[in-house]
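Good morning, colleagues. I would like to speak briefly about aromatic side chains and their surroundings. Please look at the display as we begin.

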Amino acid sequence: LNNIISIYASRSLRTIALLYKDYESWPPADGVSAEDSTQADFTVIFHDMTLLGIVGIKDPPRNGVPEAVKDCQNAGVFVRMVTGDNVQTAQAIAEECGIYTPKSGGIVMEGPAFRKLSRKDMDATIPKLQVLARSSPEDKRILVKKLKELGETVAVTGDGTNDAPALKMADIGFSMGIAGTEVAKEASAIIVMDDNFASIVKALMWWGCAVNDAVKKSLQFQLTVNITAVLLTFVSAVASSDEESVLSPVQLLWVNLIMDTFAALALATDPPTRAILNRKPEKKSAALITLNMWKMIIGQAIFQLVVTFTLHLEESRSLGMRRFPEWRELKTMVFNTFVWMQIFNEFNNRRLDNKFNISKGITRNWFFIGINLIMIGGQIMIIFVGGKAFHVRPLNVAQWGYSVVLGALSYS
């Protein structure tokens with residue numbers, strides 16, 4: 001019988017033994033529970049039973065699960081299987097899904113043996129533990145706790161009430177929307193509506209990578225605008241004989257609207273691509289602003305300040321332009337150029353990996369295209385009809401050309 005169970009389990013079949021025993025009445029007189037006289041005490045009556053046979057049940061993995069596991073592993077996620085199944089069944093299923101990889105030194109262990117490990121042995125075993133079979137809910141909770149103590153970010157999937165402690169303790173809990181109990185759903189952070197592991201990959205792409213990237217993109221853009229606007233406003237006001245900044249308060253409000261609202265929406269709505277799964281996860285201690293981001297922020301700020309200060313100091317003759325007859329016309333030129341530099345710089349912030357193709361995938365984000373068209377249309381209307389409200393004067397074709405060209409130089 002043990003040989004049959006082993007053969008079935010090695011073929012990833014779950015084994016169930018069918019047994020029976022005859023009783024004259026139920027519950028039997030010699031097997032009544034001490035707590036409830038209407039219930040049987042199964043620890044007493046499960047003796048001298050007749051075996052009918054052993055059944056093997058096949059529970060094949062859902063379509064796409066092996067590929068989803070591979071995607072998670074490529075993204076730097078260590079996938080572990082914690083189950084109550086027989087150790088051979090669990091090992092066979094884990095190998096079929098790509099979770100258990102004996103060639104890489106993966107470990108398969110049973111729950112009773114796992115919980116008896118010393119603290120030192122457990123710390124040494126967990127980094128290579130891929131399958132934990134015959135496990136109890138307490139084993140799952142212990143594993144989550146130890147992983148967090150080792151500094152790992154832990155995500156847990158579960159559908160039963162017994163999974164609630166582990167789901168609650170994990171950094172991210174995934175419960176099943178169809179088979180999951182209400183207790184499991186309440187304890188989790190994300191509910192997988194189709195009960196498919198492949199959906200976790202989508203959550204990893206959107207909530208794990210895309211949101212983090214969106215925050216960094218918006219932050220990089222806002223810091224660039226803030227540094228440039230603050231220095232330009234402060235220096236021009238100090239250098240002016242009447243302490244008047246080259247950018248008026250209303251113009252700064254428009255720049256702030258671009259920076260905080262339009263740009264944030266445009267950069268935050270970029271959908272993730274599957275290539276995002278090839279990146280390794282960042283550590284909890286990783287800086288929010290990376291070295292590449294600082295290079296982009298400082299480089300763009302210096303460039304924009306050089307261009308705007310050059311225009312402000314009326315060095316435009318070196319560009320072959322006539323001198324501005326009026327101070328307000330000069331201020332309009334500086335303001336228009338400054339805004340166009342932010343519009344073009346927004347494209348730079350779509351990528352954080354220093355790749356040259358900053359327009360890649362832009363056609364997949366109609367929000368970005370639409371918001372930029374709104375910004376461009378708004379800036380054109382401000383220059384032409386803003387008048388006294390925005391302290392601007394209409395610009396001629398040459399001045400518009402210089403504004404757009406100088407702004408486009410920040411597109412790199």
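This is a predicted model: local features need pLDDT of at least 70, side-chain atom pairs count only at pLDDT 80 or more; totals for chains, interfaces and linings use all residues.

Trp-340 and Phe-344 are both buried.

A search of the whole structure gives five aromatic pairs. One of them joins Trp-254 and Phe-262, with 6.3 Å from centre to centre and 70 degrees between the planes, an edge-to-face arrangement. Trp-254 has a relative accessible area of 11% and is therefore buried. Phe-262, at 17%, counts as buried as well. How are the rings of Trp-340 and Phe-344 arranged? Their centres lie 6.0 Å apart and their planes meet at 35 degrees, so this pair is classed as tilted.

I turn next to charged groups over rings. Arg-80 lies over the face of Phe-78, 4.1 Å from the ring centre. In the case of Phe-368, the charged end of Arg-350 sits over the ring, at 5.5 Å from its centre.

Finally, the surface. Which residues form a nonpolar patch there? The patch consists of Leu-1, Ile-4, Leu-19, Tyr-23, Trp-26, Phe-42, Phe-46, Met-49 and Leu-51, and together they present about 870 Å² of accessible area. Leu-1 is placed in the segment before helix H1, which covers 2-10. Its relative accessible area is 59%, and exposed means over 50%, so Leu-1 is exposed.

Key
Residues are numbered from 1 along each chain as its sequence is written. Side-chain values use heavy atoms; hydrogens and water are left out. Rings of Phe, Tyr and Trp (its six-membered ring) pair if their centres lie within 6.5 Å; planes under 30 degrees apart count as stacked, over 60 as edge-to-face and the rest as tilted. Buried means under 20% relative accessible area, exposed over 50%, partly exposed in between (1.4 Å probe, protein chains only). A charge sits over a ring if NZ of Lys or CZ of Arg is within 6 Å of the ring centre and within 35 degrees of the ring normal. Patches are made of residues with over 30% relative accessible area and no salt bridge: like charges are joined within 9 Å, nonpolar side chains (Val, Leu, Ile, Met, Phe, Trp, Tyr) within 5 Å. Accessible areas come from the Shrake-Rupley method with a 1.4 Å probe; for residues, only the protein chains shown count as cover. A salt bridge is a side-chain nitrogen of Lys or Arg within 4 Å of a carboxyl oxygen of Asp or Glu. Helices (H or I, at least four residues) and strands (E, at least two) are DSSP runs, numbered from the N terminus.
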